[in-house]
Amino acid sequence: GSFGDLLLTAVWDVYDVRLKESDGNYTVIGINTDKTDIVIKSSYKGKPVTSIGSSAFSGWSKLTSVTIPESITSIGSSAFSECPELTDVIWNAENCVSEGSSSAPIFKSCYKLVNLTIGKNVKHIPLYTFYEYNKIANIYITDLTAWCKISDLSNIMNYGSNEKRLYLNDELVTDLVIPDSVTSIGVKAFYKCIGLTSATLGHGV
């Protein structure tokens with residue numbers, strides 16, 4: 001809130017992360033636990049958690065897994081940079097923008113990051129999120145139609161391992177069948193997916 005010209009903000013140590021309130025929303029600004037598996041909550045005290053600040057988790061050596069909720073609409077540069085033990089990212093942010101850059105991507109120098117789970121409501125993958133500096137090889141989805149509709153999938157598929165595997169409901173996709181409900185397929189949706197042995201397009205494509 002505000003009092004005259006004075007801007008008041010509150011910093012809360014909660015949900016394993018530190019939150020800063022401003023204009024009715026919360027920003028994750030740091031970590032507040034020794035846990036290795038962090039699940040960022042979508043709200044606190046009835047107000048949404050909408051952003052992750054620059055370098056919020058940078059250098060956190062114990063972090064192995066992080067879940068990013070649907071409510072996140074912005075992630076700052078180097079937010080998870082140099083997390084040497086990070087292996088798993090669960091990405092549920094529906095339509096997030098990245099403040100990263102080629103020199104300061106969100107997951108810079110996360111060289112053990114190999115597993116990426118994409119939520120079924122995700123619509124967009126921002127630039128400089130998984131830009132270089134990772135080894136993403138295993139991608140997990142629960143809805144093939146939703147996966148095909150995501151824009152800018154090249155922001156995942158262009159980087160990481162040259163031998164990717166796509167898992168649908170935890171089963172490796174080998175014989176790909178695109179549903180009739182799919183009318184377009186995101187650029188590079190199946191790029192470098194070495195597990196694929198055949199592909200059948202639906203009537204909608």
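How many aromatic pairs does a search of the whole structure find? The search finds eight aromatic pairs, where the rings of Phe, Tyr and Trp (its six-membered ring) count as a pair if their centres lie within 6.5 Å. This is a predicted model, in which local features need pLDDT of at least 70 and side-chain atom pairs count only at pLDDT 80 or more, while totals for chains, interfaces and linings use all residues. Residues are numbered from 1 along each chain as its sequence is written, and side-chain values use heavy atoms, with hydrogens and water left out.

**Aromatic rings**

- A pair of aromatic rings is described by the distance of the centres and the angle of the planes.
- W91 and F130 form an edge-to-face pair (planes over 60 degrees apart), with 5.6 Å from centre to centre and 65 degrees between the planes.
- This pair links distant parts of the chain, 39 residues apart, since W91 belongs to strand β11 (residues 88–91) and F130 to the loop between β13 (115–118) and β14; strands here are DSSP runs of E with at least two residues, numbered from the N terminus.
- F107 is buried, with a relative accessible area of 1%.
- One aromatic cluster is formed by F57, F80, W91, F107 and F130.

**Residue N138**

- N138 is found in strand β14 (residues 138–141) and is buried, with a relative accessible area of 17%.
- The side chain of N138 makes a polar contact with the side chain of N115 at 2.9 Å; such a contact is a pair of N or O atoms within 3.5 Å, and within protein one must be able to donate a hydrogen and the other to accept it, while residues adjacent in sequence count only if both atoms are side-chain atoms.
- Leaving aside residues up to four places away in sequence, N138 touches V114, N115, L116, R165 and Y167, where contact means heavy atoms within 4.5 Å.

How values were computed
Helices (H or I, at least four residues) and strands (E, at least two) are DSSP runs, numbered from the N terminus. Buried means under 20% relative accessible area, exposed over 50%, partly exposed in between (1.4 Å probe, protein chains only). Rings of Phe, Tyr and Trp (its six-membered ring) pair if their centres lie within 6.5 Å; planes under 30 degrees apart count as stacked, over 60 as edge-to-face and the rest as tilted.
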